[in-house]
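Welcome! Take a look at it before reading on.

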Amino acid sequence: MRILIIEDYYPLADTVATVLRKEHYIVDVVGDGEEGYEYAMTGIYDLAILDLMLPKMSGYKVLEKLRSEHNTLPVLILSAKSELDDKVKAFKCGADDYMQKPFEIEELVMRVGAIIKRSSGGDTPDPSCGNLVLDVHSCLVLNSDNNKSLKISGKELQLLEMLLYNKNQVLTKSQITDKIWGYDANAEYNNVEVYVSFLRRKIKSMQCNANIRSVRGVGYTMEIEE
């Protein structure tokens, strides 16, 4: 899951980003409303954490523009504004939740998880394909038939999660690169091939019946191996 933080006070943004990365989220940080809006419109994020008082474009305006473009990206407001009118205005602009600064970081993490769970359809089961199951929170890949398991992290975890949530669908290399390495990331194009190779070896070592199939000239898909 990828989160965008739009916050001009970088010490706070870095603190929040560090905590969320420890929870296995991918996090990008931008410092003004115009850039935040552009990033939010890329379609690669699962949640935005948005300040209201931003340079170049206010958080209110960012929200209004997103919703006017029918962008349904969940947005959690994180603001020092404490008046009821400010909160009402934010919700009318399309916010999904509102937290006032200062705040408890543990509560923020819980609210982030709750918003993402709601937006993905509630209590979704661990992503799986055949007997291959990924426990995202513990970072464990499991074979549900023989109970073999192994721990993965970083880009491997993010890639496997993306493939499993989109099983039987072909994902292009560009889609994978944008989602995992970021819209402006300087990732090598063959990074995807390298990490797919890592995952294939690990899946095979666990004797799972799922496979990452290459679609020539397009990308990859996760499917049950015949």
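## Helices, cavities and backbone

Helix α6 (residues 154-165) and helix α7 (residues 173-180) pack with their axes 11 Å apart, at an angle of about 130 degrees. That makes α6 oblique to α7. This is a predicted model, in which local features need pLDDT of at least 70, side-chain atom pairs count only at pLDDT 80 or more, and totals for chains, interfaces and linings use all residues. Residues are numbered from 1 along each chain as its sequence is written, and side-chain values use heavy atoms, with hydrogens and water left out.

Helices (H or I, at least four residues) and strands (E, at least two) are DSSP runs numbered from the N terminus. Axes are lines fitted to C-alpha atoms, for helices over the stretch in contact, and angles run from 0 to 180 degrees between N-to-C directions. Angles under 35 degrees count as roughly parallel, over 145 as roughly antiparallel, 65 to 115 as roughly perpendicular and the rest as oblique.

On the α6 side, the contact (heavy atoms within 4.5 Å) is made by Lys155, Gln158, Leu159 and Met162, and on the α7 side by Gln175, Ile176, Lys179 and Ile180. By class, this contact of α6 with α7 has four nonpolar, two polar and two charged residues (Ala, Val, Leu, Ile, Met, Phe, Trp, Tyr, Cys and Pro count as nonpolar, Asp, Glu, Lys and Arg as charged, and the others, Gly among them, as polar).

Now for another helix pair. The axes of α2 (residues 33-40) and α3 (residues 59-68) come within 9 Å and cross at roughly 25 degrees, and α2 and α3 are therefore roughly parallel to each other. Here too there is a right-handed crossing, as α2 passes α3. Gly33, Tyr37 and Ala40 of α2 meet Val62, Lys65 and Leu66 of α3 in the contact, which divides into four nonpolar, one polar and one charged residue.

On a 1 Å grid over the protein atoms alone, a cavity is a set of points where a 1.4 Å probe fits but cannot get out, and lining residues have an atom within 4 Å of a point. Grid points are joined across faces, edges and corners, and a volume is the space filled by probe spheres set on the points.

| Cavity | Volume | Lining by class |
|---|---|---|
| Largest | about 40 Å³ | eight nonpolar, no polar, two charged |

The lining of the largest cavity includes Ile5, Leu12, Val16, Ile49 and Asp51. Elements giving two or more residues to this lining are β1 (2-6), α1 (10-22) and β3 (47-50), and α1 has the largest share, with three residues. Around the second largest cavity are Val141, Leu150, Leu160, Leu199, Lys202, Ile203 and Met206. Helix α8 (residues 191-205) gives the most to that lining, with three residues.

Finally, the backbone. Most residues other than glycine have a negative phi, and most peptide bonds are trans. The peptide bond from Lys101 to Pro102 is cis, with omega near -5 degrees, and Pro102 sits in the loop between β5 (97-100) and α5 (105-119). Lys56, although not a glycine, has a positive phi of about 75 degrees; Lys56 belongs to the loop between β3 and α3.

How values were computed:
On a 1 Å grid over the protein atoms alone, a cavity is a set of points where a 1.4 Å probe fits but cannot get out, and a pocket is an open set with protein on both sides within 12 Å along at least five of seven lines; lining residues have an atom within 4 Å of a point. A crossing is left-handed if the near helix is turned anticlockwise from the far one by less than a right angle, and right-handed if clockwise.
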